[in-house]
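Trainee: I'd like to learn how to read a structure like this one. Could you walk me through it?

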Amino acid sequence: MPRHDSKPAEQPDGAPAPVHVLLVEDDEAIRRSLAMALERYGYRTSAAPDGLTGLEMFRDKHPDLLLLDVMLPHLDGIGLCHRVRETSQAPILMMSARGDSLDVVGGLEAGADDYVVKPVDTPVLLARIRTLMRRTAFTPPSAPAGRSPHDDGSVLAFRGLSVDTRCLEVRVDGRLLALTPMELRLLLEFVSAPGIVLERQTLLRRVWDYGWDSDSRVVDLTVQRLRRKIGADHIETIRGFGYKFRR
Amino acid sequence: MRRPTAPGTGAAPSARTAVHRAPPGRALRRLVDPRSLRWKITAAVAAAACAMALGIGVLVHHSTEVRSMSIGRAGALRELQAAQAEFRGHPSAGRNPAEPGYVTGDEIPDQLRDLLGSRSGPVTWYDTRKPAQGASMWAAARVDGTVMAVQTDMTTDLFSRQALDRHMKYAAIATLAVVVPLTLLAAEPVLRRLRRVAATARRIRHGELDARTASRHGDEIGEISSAVDHMADALRERLRAEQRFTADVAHELRTPLTALVTSASLLAEGEAAHLVRDRVQALRVLVDDLLEISRLDVGTEQAEVRRVPLGELVTESAQRTGLETRVLVTGRPVVHTDPRRLDRIVTNLVLNAHRHGRPPVEVTVDATSIVVRDHGSGFPADLLAHGPRRFHTGAAERGRGHGLGLTIAIGQARVIGARLTLANTTPDGAVAVLSLPPGGSQEL
């Protein structure tokens, strides 16, 4: 299961600035070991021992990614997630220590993009972070639907919703939407296959790079969040299969 | 740490955990079963009724006889008085002197003569020497030195007393004929309550820890019912406490383990680092398995059903174990099931086959079943008889692993409504057959 991958995500001396991860975790041993692991693989880390400190550090340092524990003193991971999402669409990865799945659901509803269960293998954690930080790419549909005649072909329009696949901008009735990277990638999967039923497993594979052993609630809850932003009628649930984007 | 008494993923393989229901015809068999309490109660009531009838019968018989005798005796003595007058020469009116109302000499029965002895009398004797012909009362006295006797007929009285005895017998039999079925009927509610206690105890045994008799009677059956209920309460509490303990232990281990897993991955390569990483991984699997089992034990796990291409899932699960496994898929089966749980089952079965059996490990997939087969020495007899037990790996060669894998596989199979059957094949090897619920499958 562990994919041994010793290649650093970003070279410390490479041209692009290292990815800055804010780590919020109350257990000191976990916090320190995770920070060491991430730094070993070329990430820059800041660490906070509780939710309030985490929020402050997030506002001060503008990290590229948040790695949050669910159970935190003062302000828990779910609360912190909510507060961060008020102003930022930075990717959030939750760490759940409980076998109980309720906090996972709570975290995903609050706006986390993915979660890992403690204890997490370092390669798995690195792979998740890489997935969240991956540049979003768009593959145009074979039969583009709803193409507006006025643009150069990069803007797809669907009943009030317009997706610019080049600038990666999404507008509802002309208003620009703030989407998290995972929400955007999920939406791009949908608009590239309008009218086609996409199975949850397919979406998990394409958007989150997951296999069969994964939790498809990640898809369900991200779809929920996406619907809240773009309007409920664009994405239809097909019971027992997955979702369909209406043309 | 824990005994395999928990019901959820419990010890027994699926075939043994089926709840025993009364087969048709069982009620009839129960009715005619001579060992049933119903017949014992009925026999006791019938015996009591018989004893009572006998007592009353004897009493009535005796007092009627006493009364008959005193009436008979009085009649005979009156006759004797009249006969004495006649003997002395005062024949009574209307009587023919040639046919006297008395007898003398040899006509007097010996018993009467012995009874009189040398006394002057009078004495009486009830004569039943020929009961079929009737009975009579004799009275005798000595008149002027001569023994004389009279005989009065009591046949009618004898026959009527015999008739009375007969009627009492009939009445007793008729009473029994009513009492026996009535007792059988009256015993039924009591027996039903007892059977309910037994049925509840059986349900608890099969894992329904919430089964209760809920009896509100104050009698002894009520007492045993509430004793069973309280026992079930205590049992459930104990079990829950144990389940909570397992879950808590696993949770508590997770925090230090998380730091350990990450730190171990940072160690510089080397033999020691390799050993540490390997053991940390083993510890991690153990903690994960314990948590999974404690969740399955609570019994609140729910399947998230999706449309799943069975062949692809099984192939991927087998590959992910990193162990060489042959997967054979017939057709392109698609099922509606929970892919994560199915993955857990397949992974555990394949790992188990590699750990405890010998290669080649083959997995065969068709429309509704997944068969995992190895070529080792097969499952131990104890495991086949009692199902997998936590931390019991059985025979010495099953050294690796901790016996949780099969427990998890069976528990997860129960959640997705599938049945896991374990068996040994000839000449060698263990076979685990996962039968998915029918109706969930379709060919693509």
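Mentor: Happy to. Let's begin with burial: a residue is buried if 20 or more other C-beta atoms, placed from the backbone, lie within 10 Å of its own, exposed if 12 or fewer, and partly exposed in between. This is a predicted model, in which local features need pLDDT of at least 70 and side-chain atom pairs count only at pLDDT 80 or more, while totals for chains, interfaces and linings use all residues. Residues are numbered from 1 along each chain as its sequence is written, and chains are lettered from A and ligands numbered from 1 in the order in which they are written.

Trainee: Is A:L221 buried or partly exposed?

Mentor: A:L221 counts as buried because it has 20 C-beta neighbours inside 10 Å. It sits in helix 8 (residues 217-230) of chain A; helices here are DSSP runs of H or I with at least four residues, strands are runs of E with at least two, and both are numbered from the N terminus. Beyond its neighbours within four places in sequence, A:L221 is in contact with A:V105, A:L108 and A:E109, where contact means C-beta atoms, placed from the backbone, within 7 Å. Its C-alpha atom is also 9.5 Å from that of A:A110, 111 residues away along the chain.

Trainee: What does chain A look like overall in secondary structure and burial?

Mentor: Chain A has eight helices and twelve strands, and 41% of its 247 residues count as buried.

Trainee: How do I check a helix, say helix 1 of chain A?

Mentor: Compare its length with expectation, which is 1.5 Å times one less than its number of residues. The 13 residues of helix 1 of chain A should span 18 Å, and the end C-alpha atoms are 18 Å apart, so the two agree. Its buried residues include A:I30, A:L34 and A:L38. As background, an α-helix has 3.6 residues a turn, so residues three or four places apart point the same way. The cover over the buried residues of helix 1 of chain A includes strand 1 (20-24), strand 2 (44-48) and helix 5 (122-133) of chain A, together with helix 6 (220-266) of chain B.

Trainee: How many residues meet where chain A touches chain B?

Mentor: There, 25 residues of chain A are in contact with 26 residues of chain B. Helix 1 (28-40) and helix 7 (200-208) of chain A are the elements giving two or more residues to chain A's side, and helix 1 of chain A provides the largest share, seven residues.

Conventions. Two residues are in contact if their C-beta atoms, placed from the backbone, lie within 7 Å.
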